[in-house]
Amino acid sequence: MSVDTSKVASSNGRNAATASKPGRASGLANWADDRLGLATAMKKNLRKVFPDHWSFMLGEIALWSFVVLLLTGVFLTLWFVPSMGHITYEGSYDQLRGVGMSEAMASTVHISFDVRGGLLMRQMHHWAASIFIAAMMVHLLRVAFTGAYRKPRELNWVIGCLLLLLGTLEGFTGYSLPDDLLSGTGVRAADGFMKATPVVGTYMSFFLFGGEFPGESIIPRLYIVHVLLIPGLLLGLIAAHMLLLVYHKHTQWPGPGRTEQNVVGFPMLPVYAAKAGGFFFVVFGVIALMGGLMSINPVWKFGPYDPTKVTAGSQPDWYMGWPDGALRIIPTGWESVIFGYTISWNVLLPILVLPPLMLTILALIPFIEAWITGDKREHHLLQRPRNAPTRTAVFVALMTFYGLLWAAGGNDIIAIRLDMSINAITYFMRVAVILGPILAFWITRRWCISLQRHDNEMLLHGYESGVILRSPEGSYTERHLPLSETRAYTLTARDRDRVFTVDGDRDAAGVEAPDSRSQRLRARLSRWMFAHNVQKPTAAELEEAHHHAAHEAELQSGLDHPVDGHQFDDHRLRDTEEVPLRD
Amino acid sequence: MSTTTQGENLPAQHEADPIADPGLPDHTWRPTDVDTRAEKRAERQVAAMFGLSAVFAVLFVVSYFVFDIGEDWDTVGGLGASNVSLGVTLGLSLLLIGVGIIHWARKLMADHEMVEMRHPARSSDEDRTATLAALDAGAQESGIGRRPLVRNSLIGSVAMLGLPAVVVLRDLGPLPGDKLAHTIWEEGMRLVRDVIGTPIKASDIEIGDLINAAPEALFPTEENGYPVLPNGEYQVEKAKGAIIVVRMEPDEIIAPADRENWTVDGIISYSKICTHVGCPISLYERTTHHVLCPCHQSTFDLADSAKVVFGPAARPLPQLPLSVDAEGYLIAQSDFTEPIGASYWEREKQ
């Protein structure tokens with residue numbers, strides 16, 4: 001395709017502008033560089049290349065919602081009173097006027113009804129928190145499903161897991177601050193969790209609450225954790241996460257010209273900076289609209305915390321839902337008394353063991369995978385989920401486990417909304433959380449392998465054109481057309497899996513090699529991971545298939561003109577070189 | 001496998017396996033690159049979005065001053081005119097800037113993809129050697145390897161600093177002692193209604209009723225002579241002392257031998273605090289005598305010593321031994337005979 005480039009707009013030149021005489025901007029840059037010496041670092045980074053794909057934006061949503069959290073959070077601190085001192089509410093909200101409550105609750109209601117824009121900021125803050133955690137989770141899944149956590153990015157994956165943990169804790173401490181009936185119920189449950197800790201449980205509880213629950217210390221203590229301690233850690237870890245991202249350079253999808261050795265995309269200045277900066281405003285704007293139009297956490301409807309009251313349908317914020325689900329479906333009576341000491345398995349397992357265990361498994365997955373594959377190379381090209389069937393299936397199984405527990409955390413809501421027996425739902429969930437992930441693993445893996453077969457099918461025999469041919473004998477066949485070179489290359493731009501096998505685990509004298517037991521385990525896992533995968537065709541197989549296809553095509557008549565009705569689309573028979581092939 | 005050479009670190013290659021890399025596709029021009037009118041149009045669109053954003057920013061200020069909050073908080077679909085208008089104007093103002101910038105980037109900024117080469121994450125061998133040499137020199141010159149006495153005593157002293165760091169937190173709270181094993185209930189204390197604090201006459205409770213009750217000590221008057229508790233202590237006793245009182249047909253109660261005189265004419269009382277993680281229990285089904293905790297659905301049978309019939313809880317609700325005083329009001333025979341609420345490690349020892 002040739003284009004008359006003489007008509008190209010003047011503001012859209014191919015080359016970066018060359019510096020002419022120093023203007024005011026470069027004068028300022030020189031002044032700064034004389035003192036800071038930034039030019040050396042900037043010369044490489046200002047035009048740093050970032051690859052483009054919609055899925056690379058998910059982490060950005062988390063980043064920008066964190067910025068929104070900082071901004072709206074600072075606003076809220078100007079009025080919020082982190083105190084459990086008892087006062088009588090006398091603000092604008094009729095239904096609570098004259099009701100005794102803590103200063104924390106009263107100031108929250110004050111922010112909502114007597115500070116202009118206060119309710120907006122509160123709702124934006126809560127929505128942004130939900131989006132922050134949701135975006136981190138989806139971003140984590142993107143990274144996992146594309147194998148972006150492989151060397152050299154394993155440590156950044158671990159940092160990401162810590163960010164998810166801290167984000168969740170930050171959310172919990174945050175929604176506990178208003179000291180309303182719902183959040184107070186959550187804090188009391190948290191006190192119950194702590195007391196279930198063997199040996200030191202009651203000490204932890206007494207030290208955190210400054211005595212017995214609820215006391216008068218917990219809100220000020222959660223407050224400082226929420227506004228200083230965790231945000232500080234989050235900021236530091238986010239900075240490390242971003243620095244590593246810049247140092248490693250972003251992963252990219254394979255494609256023509258996109259290899260393990262390069263990164264292809266737009267420069268930071270101006271395109272990426274504009275897109276990312278613009279996206280900040282988009283995230284901010286969407287959160288503002290949500291804050292204005294969608295009510296969230298209306299604490300004035302719940303009322304102040306009263307340790308003798310609770311409402312039906314009490315739920316934690318959604319990201320705390322899955323351990324709560326595990327807590328709900330634990331069978332009755334799992335508690336033992338050993339040597340006179342009580343061990344509450346019914347709380348210990350779902351709350352104190354399961355979540356840390358899941359997080360540890362998550363953080364270790366890149367290292368386990370690298371040990372099984374024995375792969376010491378760096379990987380910068382992403383894998384399609386289908387091309388790592390076992391990994392994809394493991395993550396779908398984890399997602400299923402998470403999702404079922406999350407649903408179990410809403411068993412009362414499901415029971416009411418769907419008019420079902422809460423007992424039946426609970427019994428079902430006890431079985432489903434075990435069988436569901438196994439089933440999900442099996443289905444996903446078979447599904448991925450089928451998709452791999454389909455890819456090979458297309459590479460070898462072409463794509464289904466939708467053109468049905470009738471032979472002179474009257475039989476019908478569908479015409480298959482070869483993939484474009486771009487598409488075919490992209491499909492084959494992946495590694496062949498190598499199954500690790502143990503050889504020579506005994507030396508000549510029959511003595512076992514020192515770590516051959518772990519190596520045999522590694523070989524078994526490697527076989528389990530890769531043995532069923534479908535490998536891309538070899539050059540010879542492709543050659544053979546294309547030869548065969550050409551032969552087939554010759555047998556079918558009418559190849560020299562387009563099939564009726566397909567003269568102008570890309571399904572017509574390929575009669576000249578100029579016809580672009582479908583991508 | 002701890003050492004890797006630079007060669008092993010190089011990224012994987014797929015060259016010509018089985019198809020050769022056709023290389024980056026040619027750049028295709030956008031309409032805004034080749035058509036001045038399209039370019040001008042895009043420019044106007046971007047500027048219009050920025051302009052509109054400024055209008056919404058002004059409207060935000062206008063709404064701030066125009067719409068009342070306080071009394072009128074729930075106008076406009078229960079959301080509040082002020083909140084809705086502030087949110088919408090701020091949201092649109094921000095969105096228009098964002099969309100405008102992205103539109104500018106997509107339509108008008110150069111869209112030539114650039115190629116940058118990657119380098120292995122590891123440093124070069126020379127740098128590694130130099131760094132190791134520097135570390136080594138540091139270690140040598142400090143003599144940290146040669147002087148184990150200095151090294152080990154330093155490690156010991158720094159480790160010992162952990163003690164002050166832990167001990168200084170000691171005053172975060174008092175030690176638990178046996179505080180969790182006791183509540184404010186005591187012999188002869190009246191049961192009162194939990195909101196208004198009036199004592200409960202046994203004869204006022206109908207069969208099937210459930211009353212949320214509290215210890216009278218939480219409602220001190222001159223008459224009953226209980227001391228006024230400071231707020232923190234009051235909240236603690238309130239959290240532990242909450243009970244439910246129900247009345248059923250006396251023959252429906254399956255009382256163990258040692259609890260036969262803990263009820264008054266079918267009136268029976270239990271701690272309201274769930275033995276699972278401590279939510280107050282409240283959902284009562286009078287026909288089955290089951291009470292359900294709304295937090296995690298533990299269900300207790302109040303006719304049968306509040307045994308767990310469903311859900312994650314492991315222990316029955318503690319029962320409060322009841323009696324009546326001379327005036328016919330319900331009173332406690334004693335404190336609970338076991339700790340109320342969630343389980344904890346030393347529970348059985350107290």
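**View 1. Ser83(A) and the residues around it.** Leaving aside neighbours within four places in sequence, Ser83(A) is in contact with Ser102(A), Glu103(A), Ala104(A) and Ile219(A); contact here means heavy atoms within 4.5 Å. This is a predicted model, in which local features need pLDDT of at least 70, side-chain atom pairs count only at pLDDT 80 or more, and totals for chains, interfaces and linings use all residues. Residues are numbered from 1 along each chain as its sequence is written, chains are lettered from A and ligands numbered from 1 in the order in which they are written, and side-chain values use heavy atoms, with hydrogens and water left out. To find your way to Ser83(A), look in the loop between α3 (58-77) and β2 (86-88) of chain A. Helices (H or I, at least four residues) and strands (E, at least two) are DSSP runs, numbered from the N terminus. The side chain of Ser83(A) also reaches the backbone nitrogen of Gly85(A), at 2.9 Å. With a relative accessibility of 18%, Ser83(A) counts as buried, a word used for under 20% relative accessible area, with exposed meaning over 50% and partly exposed in between (1.4 Å probe, protein chains only).

**View 2. Two buried cysteines of chain A.** Cys161(A) is buried at 1% relative accessibility. Cys448(A) is buried too, and its relative accessible area is 5%.

**View 3. The disulfide of chain B.** Here you can see Cys279(B) joined to Cys295(B), with 2.2 Å from S to S; a disulfide is a pair of cysteine sulfur atoms within 2.5 Å. Cys279(B) sits in the loop between β5 (267-271) and β6 (283-285) of chain B, and Cys295(B) in the loop between β7 (290-292) and β8 (299-301), so the pair ties together parts that are 16 residues apart in sequence. The link is left-handed, with -95 degrees about the S-S bond. Both Cys279(B) and Cys295(B) are buried. Over all chains, the count comes to one disulfide.

**View 4. A four-stranded open sheet in chain B.** The strands follow the order β6-β7-β8-β9, and their pairing is antiparallel; two strands pair if DSSP finds at least two bridges between them. At the edges stand β6 and β9 (307-310) of chain B, each with a single partner strand, so one side of each is left without a neighbour in the sheet.

**View 5. Where β7(B) meets β8(B).** These two strands run antiparallel and are joined by three bridges.

How values were computed
Polar contact = N/O pair within 3.5 Å; in protein donor to acceptor, adjacent residues only side chain to side chain.
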